[in-house]
Amino acid sequence: MAIPSCLLLFILTLSVTTSLASQPDLGYPGWQCDASLYQKSKKVPTSAHAVRFPDIKVIGALGDSLTAANGAGAPKGDPLAVILQYRGLAFQCGGDSTLDEHVTVANVLKKFSPNLMGYSTGIGSSNVWEISKLNQAVPGAQAADIVTQARALVHVMHSHSEIDIKNDWKLINVFIGANDMCRYCEEKENGIHSKANWKQNVTTAIQILKDNLPRTIVSMTGMFDMRMLRQIDHDKYFCDGLHVFECPCEKKSSFTNDDVSQACHLYMDAQQEIQDSGIFDTTDDFTFVLQPFFNDIVTPPLKPDGEVNLDWFAPDCFHFSRLGHANVAKHLWNNIVQPVGSKNHKVDLSDPTIPLNCPDVTCPFIRTTKNSADCSKYLSN
């Protein structure tokens, strides 16, 4: 007799949940910053460029399976568990445990804003409020799909009375592009995944947020160079076989490393153009900030012997593991606290000694284009 799919999923969830404690992770027990950084603004800020970290009350996310954290808690050698969405471990919006045990942007923010809401916990899909909260990422999503996600996020936020849409400051994290790139070579001629279309889809999604969510900062994680995938699955025949289905263009030999890099950099350029255009800086209560730490990385995380560090990855060698999410979250947070124009475009994924940085006491805000150009005008509150 066949096992019902719902029962199979329950058994799978139970078995992998019990394995989480034995998996490598990254946390920062006792992490502290200057005491002044934990103080809210004297008055709730009206400008997105004067928002201190304790002023953030709501966190959310849009994206694909990397933001849904597919496989993040999957045991080694169990690719079936990659179908599970470990949203509580997600680098942008996961809220399982605390910063002492696991780094996520949400877990760092909870140090500054203990009553933060919207972060995900546990394992489940985007339509299960008790799990996903405001992480609306959907596995398989492409840039066109975050338009729908943006509308869904707006609807969910307006539906929950504990969120004060007009007055609460919100941080919405966006990460998209991997699935577009995985189909880029197949649909290049019709332009579905062209830079122009990708840019328009991202712009449309963010405009939906701007039109419906006042007092919002959108933080977009920069696209990464997917030529790295070919190094990760090299001579790993199981992963190599999976990627034929997960990412066809990565396995297409005529789509060379240079082709992959060039296409990824087109999306990176589009992100930079969105920020530089200033179209989301036309009102004082909304802004868009690009976090580009992935942009110039072409080497995956390595062990001291030069081998790829597979502890960073789920069993499919594509999605991030629990440890991978924590490390990515560290680098993303460090980008968030760096001023625009001085943000890292490349970090060493192989160096575990890179610290988790504190905000700058001389400019204690989420860094934006305007407060990075001149912080002094925002320091009065």
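Hi everyone, and thanks for coming. What we have here is a predicted model, where local features need pLDDT of at least 70, side-chain atom pairs count only at pLDDT 80 or more, and totals for chains, interfaces and linings use all residues. Residues are numbered from 1 along each chain as its sequence is written, and side-chain values use heavy atoms, with hydrogens and water left out.

Let's begin with helices. When I say helix, I mean a DSSP run of H or I with at least four residues, while a strand is a run of E with at least two, and both are numbered from the N terminus. Two packed helices are described by the angle between their axes and the distance between the axes. The axes are lines fitted to C-alpha atoms, for helices over the stretch in contact, and the angles run from 0 to 180 degrees between N-to-C directions.

Please find helix α5, residues 145-159, and helix α7, residues 195-212. How do they pack? Their angle is about 15 degrees, and their axes are 8 Å apart. α5 and α7 are therefore roughly parallel. On that scale, under 35 degrees is roughly parallel, over 145 roughly antiparallel, 65 to 115 roughly perpendicular, and the rest oblique.

Contact here means heavy atoms within 4.5 Å. By class, the contact of α5 with α7 has 9 nonpolar, 4 polar and 1 charged residues. For those classes, Ala, Val, Leu, Ile, Met, Phe, Trp, Tyr, Cys and Pro count as nonpolar, Asp, Glu, Lys and Arg as charged, and the others, Gly among them, as polar.

Now for a second pair, α3 and α12. Helix α3 spans 105-112 and α12 spans 322-336. They pack at an angle of about 55 degrees, with axes 9 Å apart, and that makes α3 oblique to α12. V105, V108, L109 and F112 of α3 meet A329, L332, W333 and I336 of α12. This contact has 8 nonpolar residues, with no polar and no charged ones.

Is α3 mostly covered or mostly open? It is mostly covered, with 7 of its 8 residues buried. Buried means under 20% relative accessible area, exposed means over 50%, and partly exposed is in between, using a 1.4 Å probe and protein chains only. The buried residues of α3 are V105, A106, N107, V108, L109, K110 and F112. What covers them includes β1, β2 and α12.

Let's zoom in on W333, which lies in helix α12. W333 is buried, with a relative accessible area of 0%. Among the residues it touches, not counting those up to four places away in sequence, are W31, F53, L356, N357 and P359. W333 and Y28 are 305 residues apart in sequence and 13 Å apart in space, C-alpha to C-alpha.

T287, in strand β4, is also worth a look. At 0% relative accessibility, T287 counts as buried. Leaving aside neighbours within four places in sequence, T287 is in contact with residues including A48, H49, T216 and T368.

Last topic: salt bridges. A salt bridge is a side-chain nitrogen of Lys or Arg within 4 Å of a carboxyl oxygen of Asp or Glu. How many does that rule give? The count comes to 6.

One of them joins K76 and D311, at 3.9 Å from N to O. K76 lies in the loop between α2 and α3, and D311 in the loop between β4 and α12, so the pair ties together parts that are 235 residues apart in sequence. K76 counts as exposed at 53%, while D311 is partly exposed at 33%.

Another joins E273 and K195, at 2.7 Å. E273 sits in helix α11 and K195 in helix α7, 78 residues apart. Here E273 is partly exposed at 30%, and K195 is partly exposed at 23%. Salt bridges that share partners join K195, K199 and E273 into one network.
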